[in-house]
Amino acid sequence: MFVFTNRIRIRDDGQASSSRPVLLAGRMLERFAPLLSLSLFIGVWHWLSLRYPPFILPGPGSVAQRFLEKIADGSLPFHALVTLSEALPGLLLGTLAAFALGIPISRSRLADRLLSPFIVASQGVPFIAVAPLLFIWFGNGPLTKVLVCALVVFFPIVINVIAGLRSAPQTLRDLFRALNATPAQTFMKLELPAALPFIFAGLRVGGTLSMVGAIAGEFLSADRGLGFLINLGNSFYDTPLVIVGVLTIVGLALSVYGAIRLAERALRVERWAA
Amino acid sequence: MLIAEHISHTYPNGVEALRQFSLQLSAGQFMAIVGPSGCGKSTLLRVLAGLLRPTSGKVWLAGEPVTQPSPRIGMMFQDAALLPWRTVAQNIRLPLELGWRGNAHFSVEELIQLVGLRGFEHAYPRELSGGMAQRVSLARALITRPPVLLLDEPFGALDAMTRENLTAALEGILRATQTTAVMVTHSIAEAVFLADQVVVSSPRPGRPLGIVRVTLPRPRHWGMESWPEFGHLVGQVRALLAQPLVEPARVN
Ligand SMILES: Nc1ncnc2c1ncn2[C@@H]1O[C@H](COP(=O)(O)OP(=O)(O)OP(=O)(O)O)[C@@H](O)[C@H]1O
Ligand SMILES: [Mg+2]
């Protein structure tokens, strides 16, 4: 259930070639490194769990068992879906808002001066402290959680949208002007494509943060969702359930990240770097 | 064909880039502009292209004033200015997708043939050498068959050998397409090789110090560099560049 997609790749072209078997061993090691570190992690966890009572640190075995139980009775998929159904619309809404504000800001100095203070302020707002306000205004249904998510993902995305839309170099802008391009053409054929690497960088951060936002919303008030599940486990001293909840969140966050990476590959954004 | 009348330009920050720069070019001719760095050559070219409105003075193209970018003027920059997410062929056809409203244009295939890039139609810019990228840039500038082509140090970033090849190729292509051209360059030999007239500009603020007319026969080839006449022309340009200024250069 873990998707290890966030391996950092370092370009290794132009490297001096070493002898083949060594290279091969290196490649194998690199390939199985995530598996290795995961096994190590589980090993240490197991070893630690032997010296503490299960309600403080349950072992991997009992967590796995709880995990399977919760899948079998359908509650884990249900709560995970609830959380996703808050996080993904939240991500979408935050992204739309980021574009709605980022586009005018990137194009007009006036819009920049008018709106930028609010954007910077939005980052300063401790959303955990503001979330209760949202609950008062919008009730404790899913809408409020979607809004919390949107608030959390907004900042990293809007910053990248603005930087990205401004990133096209002056010669390319001159070229488009010399070719009599309309503003819409310049946007669609120059500014937006040039911004894609930035936008995806923002989406990757925002995508992971959207899970954080959804959980935070559920923690404050909810009767469903992974945040609720963790709260539930907490109040019954069901520590394995808490860990199941946390690991599921991590898994979902990694999946969202992976999905965004896939979209990035599909669009072949890596070509952009000229 | 292309006339610039008393172009002066001072940037908003107070830098006076051009002072009373005039030039005149008839159809099919090639003009090279040489001058010290920072003397306003790029500024002049941007004015000619309609990208920059001069503080005073006028530009005329075939009897009509140039006040904004026109599809009748093609432009080539020092860096190739290719879109990295488009293939060679897609980059070349970009002008056809934008503000261009004519109909008589080259086909992408013709141009790829003309600039010698067969087999690279589907390559991306980062897979090209600097010289190949400039060939793409040239093809893109030519696709709408603009009567006038403006080139701002198009080969400035290339090595000497690639430069010579491209210069010779450019000479042939412009002759074949009967394009009128104005090119800014740092290389006196390149200017003499390509041009019908070489305009020498003063240091900033730029104004013409003199014009050297080049009467070498066409097609040109680099073998001409060893001709006495070629050396003589290069000497004339050098002399103009080294000429003591009537008015002392201002320090600022
Ligand atoms: N956008 C601008 N704003 C203010 N000053 C500028 C601007 N562009 C150019 N200048 C100044 O105008 C002068 C002429 O610049 P320009 O780029 O036209 O020179 P150039 O002859 O093309 O130089 P080079 O040979 O180095 O390319 C320079 O002093 C430069 O600093
Ligand atoms: Mg210049």
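Lys189(A), Arg86(B), Arg93(B) and Glu97(B) are tied together in a network of salt bridges. A salt bridge here is a side-chain nitrogen of Lys or Arg within 4 Å of a carboxyl oxygen of Asp or Glu. The model is a predicted one, so local features need pLDDT of at least 70 and side-chain atom pairs count only at pLDDT 80 or more, while totals for chains, interfaces and linings use all residues. Residues are numbered from 1 along each chain as its sequence is written, chains are lettered from A and ligands numbered from 1 in the order in which they are written, and side-chain values use heavy atoms, with hydrogens and water left out.

(Buried means under 20% relative accessible area, exposed over 50%, and partly exposed in between, with a 1.4 Å probe and protein chains only.)

Over all chains, the search turns up 19 salt bridges. One of them links Arg46(B) to Asp174(A), with 2.4 Å between the closest N and O atoms. Arg46(B) belongs to helix H1 (residues 41-48) of chain B and Asp174(A) to helix H7 (residues 170-178) of chain A, so this pair joins two chains. Helices are DSSP runs (H or I, at least four residues), numbered from the N terminus. Asp174(A) is buried at 7%, whereas Arg46(B) is partly exposed at 22%.

Glu264(A) and Arg261(A) also form a salt bridge, at 3.3 Å between the closest N and O atoms. Both lie in helix H10 (residues 239-266) of chain A, three residues apart, or about one turn of the helix.
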